[in-house]
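Dear colleague,

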Amino acid sequence: MTEDPALTAEGLGKKYGGRGRGWALRGCDFALPAGRICALVGPNGAGKSTLLALAAGLLRPTEGTIGAPAREHLAYVAQDKPLHPRLSVADTLRMGRELNPGRWDSALAKRVVEGGGFSSDTLVRHLSGGQRTRVALALALGKRPGLLLLDEPMADLDPLARHQLMGVLMADAAEHGTTVVMSSHILTELEGACDHLLLLHGGRVRLDGAVDELLAAHTLLTGPVADLAPHTVVESRATGRQLTALIRHEGPVEGPWETSEPSLEDLLLAHLRTTEGAPA
Amino acid sequence: MVKGIVLEYRIDRRSGVATYLQIVQQTKQALRMGLLEPGDRLPTAREVVEATAINPNTVLKAYRELEREGLVEARRGLGTFVRATLGTGPADSPLRGELTDWARRARAAGLEREDVAALFTSVLKEHFEGDDT
């Protein structure tokens with residue numbers, strides 16, 4: 001695995017046309033190392049889909065730059081999973097092969113589609129939402145992309161299919177070192193699978209880094225109410241004399257508190273709750 | 001020489017135990033039980049992540065830890081292989097037999113599962129106090 005970035009942004013901004021529409025993204029800087037499985041998280045309207053579409057080359061930045069692999073080395077699965085409704089599943093995969101001459105992995109594409117409980121001559125328009133996701137993922141993975149961009153990939157899958165497809169994604173990453181960026185609201189889906197985090201809010205990057213390092217940089221503490229300086233308080237709540245806080249620590253945490261390392265879910269929820277009221 | 005997967009990991013996301021540690025612990029448990037023997041190949045990272053949907057680096061981290069402890073060795077291009085056994089209590093040892101008898105007697109004496117577990121834990125604590133787990 002190399003540490004060369006697979007995706008970079010510098011001063012990246014996107015403003016959609018039309019009156020009264022502000023910046024969807026602004027001032028975004030990050031560098032995602034290759035081979036990472038990156039969770040793209042944030043509330044609705046945070047700019048996640050815009051960022052993915054910019055990375056896929058489907059939108060042009062209004063300002064700044066985004067550095068992504070060439071079109072043939074990346075695959076993008078949009079939220080609405082656009083597929084040709086009147087093609088059969090087999091025809092869809094055949095189209096994938098024809099559009100990606102010399103690099104199409106037909107065995108992998110077949111493996112993703114299998115287990116979906118439908119035959120390959122089924123027409124796409126007769127598939128359920130979850131089955132369409134399978135076909136869209138097969139099309140994306142069959143291309144053997146270096147960078148895979150997934151916008152809410154698992155939203156319409158049942159838990160079993162979600163687990164299976166996440167397994168397929170992780171196996172692909174293990175085998176080919178594919179870099180994956182996936183947006184999701186389902187935190188349990190990301191915990192365990194993702195080793196990198198990009199948290200957006202109001203069009204800006206609020207957290208960016210390796211999950212291990214981010215978790216190690218934060219501390220969850222409970223104990224008596226007291227001044228938490230020099231640490232940075234992400235979120236704190238006082239109930240009577242009892243304080244519960246998530247901090248980004250500066251040096252060791254010394255005091256009468258019980259401390260523990262937060263889970264990814266603790267960290268995300270604390271950041272999402274505190275940015276909620278912040279100006280976008 | 002080529003065998004099927006000898007070990008399947010079960011990841012409990014709510015346990016609070018780091019995922020890589022769960023893999024380390026379950027491998028050690030399999031070694032203690034004699035389910036894994038020297039020469040056995042551990043499942044590849046790909047096989048583990050496909051079944052568990054966890055990050056591949058987590059598996060690699062667990063295997064590195066097992067390697068550091070001298071329990072397994074990575075052979076380039078071939079996989080990760082068991083080098084050593086752990087403990088002296090394989091599934092069919094005399095000690096296990098004695099424990100089975102004891103459990104039978106405990107049950108006959110009317111002890112519940114939790115009572116037995118508590119008793120066992122307290123004896124364990126008495127005799128292995130301070131040891132690494």
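The notes below treat chain B and then its interface with chain A.

This is a predicted model, in which local features need pLDDT of at least 70 and side-chain atom pairs count only at pLDDT 80 or more, while totals for chains, interfaces and linings use all residues. Residues are numbered from 1 along each chain as its sequence is written, chains are lettered from A and ligands numbered from 1 in the order in which they are written, and side-chain values use heavy atoms, with hydrogens and water left out.

Chain B contains five helices and two strands (DSSP runs, H or I of at least four residues and E of at least two, numbered from the N terminus). Their order along the sequence is α-α-α-β-β-α-α. Of its 133 residues, 27% are buried, meaning under 20% relative accessible area with a 1.4 Å probe, protein chains only.

At the interface, 20 residues of chain A are in contact with 14 residues of chain B (heavy atoms within 4.5 Å). Of the area buried on the side of chain A, His163(A), Met170(A) and Gly192(A) together account for 29%, the largest losses to chain B (accessible area, 1.4 Å probe, lost when two parts are put together, summed over both).

Two salt bridges cross between chain A and chain B (a side-chain nitrogen of Lys or Arg within 4 Å of a carboxyl oxygen of Asp or Glu). Arg46(B) and Glu175(A) form a salt bridge at 2.7 Å, N to O. Helix α5 (residues 159-176) of chain A supplies nine residues, the largest share of the side of chain A that touches chain B.

Yours sincerely

Technical notes. Buried means under 20% relative accessible area, exposed over 50%, partly exposed in between (1.4 Å probe, protein chains only).
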